[in-house]
Amino acid sequence: MLRERSTFWLLLTVVAYSIAQLIWYWDSPLLQSPVLDGQENLILAAQISEGALAQEPFYRAILYPALLSVIPLHFAVLGFFLHFANTLLVIFITHSLWRSKAAALISGALVGLNPVLLHFTFDPLDITLSITLFLASIASVLKGLQSKPPKSLPFILSALFLTLACLARPHFFAVLAPTLLISLLLAIINRSAKNYAFAFIAPAILILLSFGTLQALRSQDFRILPWQGSYNLWANNHPGSNGLYLTQSLSFHYTGQHQNPARLESEYHYRKDTGNEGPIDIDTFNEYWKTRAFNAILEDPTAWLKLMLYKSYALINNFEQYNNKTYSFHKELSPVLKYNPISWGLLLTLALLAAPLLSKREPSKILYLASIIILYSAGVLLYMASARFRLPLVPILSILAGGSYFYFKYLILKRHRPLLIAGLAIALPLVVISFSRFGDIASRQTYVQDAMLLADASAKLQRDREAYYWADQALNYSPDRPDAKRLRLISFYNLVAYDQLLVQTPDWTPYQADLEIPLTDPTFEYVKGIAYWNLNQKAKAQEVWLNSFLKNAWNAQASLSALIYTKAEKLPSNYPPITDSANLSQLVHTLRTSPKKITALSQLASQSLPPNLTQLYTDLLPRVLPPIIPKVQEKT
């Protein structure tokens, strides 16, 4: 099948289409500066590569970051190859099930050209890798069943791939754990299947034990699953959970290295609820959240059942729920994906139409695929029905959907009418549900988060005009959002400072109300002072700068520079020690260029300054700092 000319042209089309999306996405701020889970994966990969990973049990799945740390490929290029491999695997699996070139080509196209898969493929996320391993496991099982008698090697490989899929994405334990149990029961009941059952069980157990031992050696804690799951169980099943995506009750504002917001929130609430201010014991921590989750379910089982029903509706529904990104928002931005008609609802329709035909041809194999769908879906529903969580079901539906070729062929030939009617009877009600829009199932309230992600990523890349635009768009969705106001003001400042506004006198008046937002950090306080100065509130500006330096020490050296440059009468009386890590480039520049000599200069000179201050000034000048203060002041 893979040597057929038609397959070659399909694969060439998939490659061209994928590269077109990659070329467009390559310049996106979200690829150049990944956010949220993607950013965390890159941080973990760098820590693994440098041998700096924290000596604690893994909070999140580690296989994908570990792979990034050793493979000399950009994560987007790795995603491209994994997506291509997924297309090949689906073609192979479909051909082995339906024994039809046409069916295999349909399935391959539905996966290779699938816009939702491509939407996630080029981000540094574990989902594409886990799908590759998952499909390789299925392909191995089917290969083993094809041989007469079955051979052990395919079942060994299937166990290997499925277990690695679990280590890449723990949701696959919902498939692995029951499969191990069924294999054990099969080995006990059926002696002839004993060898094949243990061929699956032994490598899976060996890999899991080896991984647990690795954790024990590095953290003195034998653990297989990441320990973020217990809080997620509570967060997605407690009263008030939307069942679609993780919502946070707290807002964390930090300007340093990315931190996992769910972890920060879970630890905050745990400490607040238990009064524990010391180190967190992971087992006690996990038990606390599991107990809260199960108690919430038992206290109001009716509410929980309603939530599960809504999750089930979301799982079937065509709308792709938010997870790091909202698919519908970003699809509209991509000229490559924008008009692509392939969707979850289409796959579900074609798969359900074809399922009765496969049950007639291969009853054991349709049972196998149905079991995978049910088990994985159960694992998804235990948490949330977001787009990325259900994504592994997309290739499974595509494999079944390949059989729609036979459905429409038999419909034209007027054959197998009972099976065609059965397919229609199964598909029709679920398709209606899939394309319905009850409640908030297709809410766009997450669009504000998408706009903020683009704004933050653009700001990190010094693409100030884009950062300003997306922060302003976020405020269109949510007018009172403080982090959007903060970033819009900083971006406006950078545009002014670097003469990118192309106006003679920048107008700061529209941002006066933004100066009172409840966010404080050295960068924002420095820019607030600049805004006040340009609004002719000079005493207020100097007050903001002074308070910022008193509170943040050398992290606010930009504010100290502003005080020196503007000849403030009030200056800090005592200067904290300077450390090698303090970025003093701006302050050095201000002291060199300021016409006012102050005692601070001699105080600074008497301390052990880093020997490379000139280099700091030349190479590490922060984006939001002088020497642009003089330029701004000249315009006021």
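I looked up Glu332 and Lys338: their side chains meet in a salt bridge at 3.9 Å, N to O (a side-chain nitrogen of Lys or Arg within 4 Å of a carboxyl oxygen of Asp or Glu). Glu332 is partly exposed at 47% relative accessible area, and Lys338 is partly exposed at 30% (buried is under 20%, exposed over 50%, partly exposed in between, with a 1.4 Å probe and protein chains only).

I note that this is a predicted model, where local features need pLDDT of at least 70, side-chain atom pairs count only at pLDDT 80 or more, and totals for chains, interfaces and linings use all residues. Residues are numbered from 1 along each chain as its sequence is written, and side-chain values use heavy atoms, leaving out hydrogens and water.

I then took Asp472 and Arg488, whose side chains form a salt bridge at 2.8 Å, N to O. This pair links distant parts of the chain, 16 residues apart: Asp472 lies in helix α24 (residues 464-477) and Arg488 in helix α25 (residues 482-497) (helices are DSSP runs of H or I, at least four residues, numbered from the N terminus). Asp472 is partly exposed at 25%, whereas Arg488 is buried at 13%. Shared partners join Asp37, Glu40, Arg60 and Arg388 into one salt-bridge network.

I searched the whole structure for salt bridges and found 22. Among them is Arg292 with Asp273, at 3.0 Å, N to O.

Conventions: Helix = DSSP H or I, 4+ residues; strand = E, 2+ residues; numbered from the N terminus.
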